[in-house]
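Biologist: Could you take me through this model by question and answer, giving the cut-offs behind each term as it comes up?

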Amino acid sequence: PCVDRLLLSDLCDVKMDGLAQDILSDLVEDACLGLCFEVHRAVKQGYFFLDDTDQESMRDFEIVDQPGLDVFGQVYNQWKNKECVCPNCSRSIAASRFAPHLEKCLGMGRNSSRIANRRIVTGNNTNNKSESDQEDNDDVNDNDWSYGAEKKGDVVMLLYFFNLFVVTLNIRLYQMKFTIT
Amino acid sequence: MSKDSQMRAAINQKLIEMGERERLKELLRAKLVECGWKDQLKAHCKDVIKEKGLEHVTVEDLVTDVTPKGRALVPDSVKKELLQRIRAFLAQHATL
């Protein structure tokens with residue numbers, strides 16, 4: 001009986017070892033497959049042989065660390081103070097004001113029609129040949145390009161719709177009262 | 001299913017459910033990188049790729065060539081450590 005029991009536990013150990021080996025074998029296979037997939041992707045995406053680049057080329061792509069330049073060596077605030085010529089009205093506009101100006105000028109921006117309408121409504125008091133100052137004022141009120149500036153018109157519209165909603169709600173509630181009682 | 005394979009299936013399931021298999025996988029991966037196995041095998045991959053050509057190499061090419069070599073290159077110390085952990089898990093969770 002003692003011998004039997006010993007043999008049984010040995011057998012269990014052997015079984016356990018076998019199982020452990022099999023589990024390990026699976027894990028190693030997973031690791032190999034993982035590597036194959038990784039390598040295959042690197043090959044197909046074109047970056048597998050990247051670290052074999054010669055010294056010369058590596059120097060060409062070194063990170064640039066100089067003031068006024070980005071990591072690629074390009075000057076990044078070069079266009080801040082430049083002036084651009086509008087292709088539509090041929091005026092000279094500052095670079096930072098160029099995008100909003102183009103919106104109005106081409107009549108394609110979000111608020112360009114509203115502003116155009118406003119101009120028509122306020123009549124022909126203002127000259128066509130107005131200075132760029134006037135247009136800049138409009139730009140400042142434009143929601144698209146500046147934060148925190150609210151157009152009066154928008155607020156009025158909002159209040160109007162809200163009012164409409166409240167009134168409709170009240171009517172509905174009033175109607176319901178009638179049907180319940 | 002024999003009792004044996006039943007037990008095996010049960011243990012494998014437990015391994016996965018308890019997250020131990022994932023942990024073991026990560027441990028193995030880390031050890032293999034540490035001991036240079038990954039770099040060795042990567043270098044071997046380069047040979048395979050140069051042989052088959054960059055454009056035409058398939059996953060199968062790599063797998064059939066790399067897997068047997070990969071298995072053989074695993075250092076004994078790594079094997080020992082993993083086996084230890086696995087046996088510990090089995091001792092805890094294997095019921096006969």
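Biologist: Are Lys104(A) and Glu103(A) buried or exposed, given the cut-offs in use?

Modeller: A residue is called buried under 20% relative accessible area, exposed over 50% and partly exposed in between, with a 1.4 Å probe and only protein chains counted. The side chains of Lys104(A) and Glu103(A) meet in a salt bridge, at 3.9 Å from N to O, where the term asks for a side-chain nitrogen of Lys or Arg within 4 Å of a carboxyl oxygen of Asp or Glu. As for their accessibility, both Lys104(A) and Glu103(A) are buried.

Biologist: Before we go on, what kind of model is this, and how are residues and chains labelled?

Modeller: It is a predicted model, in which local features need pLDDT of at least 70 and side-chain atom pairs count only at pLDDT 80 or more, while totals for chains, interfaces and linings use all residues. Residues are numbered from 1 along each chain as its sequence is written, chains are lettered from A and ligands numbered from 1 in the order in which they are written, and side-chain values use heavy atoms, with hydrogens and water left out.

Biologist: Which parts of chain B does the salt bridge of Arg85(B) and Glu20(B) tie together, and how many residues apart in sequence are they?

Modeller: The side chains of Arg85(B) and Glu20(B) meet at 3.0 Å, N to O. Arg85(B) is partly exposed because its relative accessible area is 33%, whereas Glu20(B), at 11%, counts as buried. Helices, here DSSP runs of H or I with at least four residues, and strands, runs of E with at least two, are numbered from the N terminus. Since Arg85(B) lies in helix 5 and Glu20(B) in helix 2 of chain B, the pair ties together parts that are 65 residues apart in sequence.

Biologist: How many salt bridges does the structure hold over all chains, and how many does the rule find across the interface of chain B and chain A?

Modeller: Over all chains, the structure holds 13 salt bridges. One of them pairs Arg87(B), in helix 5 of chain B, with Asp17(A), in helix 1 (residues 2-45) of chain A, so this pair joins two chains, and its closest N and O atoms are 2.5 Å apart. Salt bridges also link Asp30(A), Arg21(B) and Lys25(B) in a network. Across the interface of chain B and chain A, the rule finds eight.

Biologist: How much area do chain B and chain A bury between them?

Modeller: Contact, meaning heavy atoms within 4.5 Å, takes in 41 residues from chain B and 33 residues from chain A. Buried area is the accessible area, taken with a 1.4 Å probe, that two parts lose on being put together, summed over both. Of the area buried here, 75% is on carbon and sulfur atoms, and the total comes to about 3,300 Å².

Biologist: Which element gives the largest share of the side of chain B that touches chain A?

Modeller: Between the two chains, nine residue pairs are in polar contact, with both residues at pLDDT 80 or more; the term means a pair of N or O atoms within 3.5 Å, where within protein one must be able to donate a hydrogen and the other to accept it, and residues adjacent in sequence count only if both atoms are side-chain atoms. The elements that give two or more residues to this side of chain B are helix 1 (3-17), helix 2 (20-34), helix 3 (37-52), helix 4 and helix 5 (76-93). The largest share, eight residues, comes from helix 3 of chain B.

Biologist: Which backbone nitrogen does the side chain of Asp61(B) reach?

Modeller: Asp61(B) is found in helix 4 (residues 59-73) of chain B and is buried because its relative accessible area is 19%. Leaving aside neighbours within four places in sequence, Asp61(B) is in contact with Lys52(B) and His56(B). At 3.1 Å, its side chain reaches the backbone nitrogen of Thr58(B).

Biologist: How far apart in space are Lys69(B) and Leu41(B), C-alpha to C-alpha?

Modeller: Lys69(B) is placed in helix 4 of chain B and counts as partly exposed, at 37% relative accessibility. Beyond its neighbours within four places in sequence, Lys69(B) is in contact with Leu41(B) and His44(B). Lys69(B) and Leu41(B) are 28 residues apart in sequence, and their C-alpha to C-alpha distance is 7.9 Å.
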